[in-house]
Amino acid sequence: MAQLGVGNLQDQWIAAQTLTIISSNAKHLMPAVNLLFQKLSVAKSADQQRARDLLITTSDKTHLVNVMTGEQLNSQSGQDRLMACELLPCLHRPINKDIANKLVCLLWHDSLPAIRRAAGQSLGTTGHGMLVHDELRSHLLHGNEQEKVDSLQKTAGLLKLTNEEVLIKLRSLITDSSDEVKRLSLQALGMIGVRHQKLLDHLPWAARFERHFEVRAQACHVSSSLCAGYQPMIQVLKDLLIADDCEEVRREAREALIRMDLDPEADWKALAQLRGELAELSTKESVIQEALAMDRRLRGNSTRIRISKK
């Protein structure tokens, strides 16, 4: 154990690994666990993975690893906070209420999107997803437009939301007065992937008639997960390939059809053939009309000639 405080770094690293394997005494393990966390932050990838594995193994013997991982959530280093969020779900012992609250705080307030995402995933994986449900429910039910947008941006796709009241509110927000709230609500519902009759009824209309192109595009994007095989939606997507004047909407419609294993070009081929036939008919019609006009002119000339002879 003396080698953890003296000697070269390689000797200390070997001693720390040995100690975590043979000891279960928290007091003796503390310097070794400290060194393992240092390896996670600055070491080469092989040492990082070894340190991570040892921390996970050691967490089965003592709460020390959970406590020290929770302390990393308060670090000024974004790398340390991210590491802690990713490590917590892998530890053998459950996280306590204090650590769960720290994760909730990171989810809602950390400046780094990767850390917000990792904190939300950690909460969901460790069985604390309801804390996020409760916060999200409060913001969606009672928040102003900006709070709704902020909530949807931070939590969409982080967890498999199952609270029915939250899902009902999300579905109601697809008709919100704010285009951004509508877009983000559609995005969140698409990530959750729960089909519902209200969505089947609304998505075809939203893809075709929403005033803002980003909402129309989002409706197309989520249709493959929420309306796969729903013929009215499929027909709208095909129509948008031709009718919508926004390239982003047309692209999302095309990609949605492809994700549904449908050929977006099939109708184009039929349309091209129809246009060709219409053009041909138009040409024939023009010839016929010109011939009739010429006949009328000739008849008119003949009449004038007969009148002049008289």
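Trainee: What span should the 13 residues of helix H6 (residues 97-109) have, and how far apart are its end C-alpha atoms?
Mentor: This is a predicted model. The expected span is 1.5 Å times one less than the number of residues, so the 13 residues of H6 should span 18 Å. That agrees with the distance between the end C-alpha atoms of H6, which is 18 Å.

Trainee: Which residue caps the N-terminal end of H6?
Mentor: Look for a side-chain oxygen that faces a backbone nitrogen at that end. The backbone nitrogen of Asp98 has such an oxygen at 3.2 Å. The oxygen belongs to the side chain of Asn96.

Trainee: Which residues of H6 are buried?
Mentor: Buried means under 20% relative accessible area. In H6, the residues that count as buried are Ile99, Ala100, Leu103, Val104, Leu106, Leu107 and Trp108.

Trainee: Where is Leu73, and is Leu73 buried or exposed?
Mentor: Leu73 is in the loop between helix H4 (64-72) and H5. Its relative accessibility is 4%. The cut-off for buried is under 20%, so at 4% Leu73 counts as buried.

Trainee: How far apart are the C-alpha atoms of Leu73 and Leu106?
Mentor: Along the chain, Leu73 and Leu106 are 33 residues apart. Leu73 also touches Leu106, and other residues it touches include Ile99, Lys102 and Leu103. The C-alpha atoms of Leu73 and Leu106 are separated by 8.2 Å.

Trainee: Is Arg81 buried or exposed?
Mentor: Arg81 is in helix H5 (residues 78-87). Its relative accessible area is 11%. A residue under 20% is buried, so the word for Arg81 is buried.

Trainee: Which backbone oxygen does the side chain of Arg81 reach?
Mentor: Leaving aside neighbours within four places in sequence, Arg81 has contacts that include Leu73, Ser75, Leu106 and Asp110. The backbone oxygen in question is 3.1 Å from the side chain of Arg81. That oxygen belongs to Ser75.

Trainee: Which residue does the side chain of Asp179 join in a polar contact of 3.4 Å?
Mentor: Asp179 is in helix H11 (residues 179-192) and is buried, with a relative accessible area of 17%. Leaving aside neighbours within four places in sequence, Asp179 is in contact with Arg211, His212 and Val215. The side chain at the other end of the 3.4 Å polar contact is that of Arg211.

Trainee: Why is the ring pair of Trp205 and Phe209 called tilted?
Mentor: The structure holds one aromatic pair. The ring centres of Trp205 and Phe209 are 6.1 Å apart. Planes under 30 degrees apart count as stacked and over 60 as edge-to-face. The planes of Trp205 and Phe209 are at 50°, so the pair is tilted.

Trainee: Which helix holds Trp205 and Phe209?
Mentor: Trp205 is partly exposed at a relative accessible area of 43%, and Phe209 is exposed at 51%. They are four residues apart, about one turn of the helix. Both lie in helix H12 (residues 197-209).

Trainee: Which residue lies over the face of Trp13?
Mentor: Here a charge sits over a ring. The distance from the ring centre of Trp13 is 4.8 Å. The residue over that face is Lys39.

Trainee: How far apart in space are His221 and Gln187?
Mentor: His221 lies in helix H13 (residues 213-226) and is partly exposed, with a relative accessible area of 35%. In sequence, His221 and Gln187 are 34 residues apart. From C-alpha to C-alpha, they are separated in space by 8.3 Å.

Trainee: What is the phi of Asp261?
Mentor: Asp261 is in the loop between helix H15 (247-259) and helix H16 (266-309). At 71% relative accessibility, Asp261 counts as exposed. Although Asp261 is not a glycine, its phi is positive, at about 65°.

Trainee: How many helices and strands are there, and what share of the residues is buried?
Mentor: The protein has 16 helices and zero strands. Of its 310 residues, the share that counts as buried is 43%.

Methods. Residues are numbered from 1 along each chain as its sequence is written. This is a predicted model: local features need pLDDT of at least 70, side-chain atom pairs count only at pLDDT 80 or more; totals for chains, interfaces and linings use all residues. Side-chain values use heavy atoms; hydrogens and water are left out. Rings of Phe, Tyr and Trp (its six-membered ring) pair if their centres lie within 6.5 Å; planes under 30 degrees apart count as stacked, over 60 as edge-to-face and the rest as tilted. Helices (H or I, at least four residues) and strands (E, at least two) are DSSP runs, numbered from the N terminus. Buried means under 20% relative accessible area, exposed over 50%, partly exposed in between (1.4 Å probe, protein chains only). A charge sits over a ring if NZ of Lys or CZ of Arg is within 6 Å of the ring centre and within 35 degrees of the ring normal. A polar contact is a pair of N or O atoms within 3.5 Å; within protein, one must be able to donate a hydrogen and the other to accept it, and residues adjacent in sequence count only if both atoms are side-chain atoms. Contact means heavy atoms within 4.5 Å.
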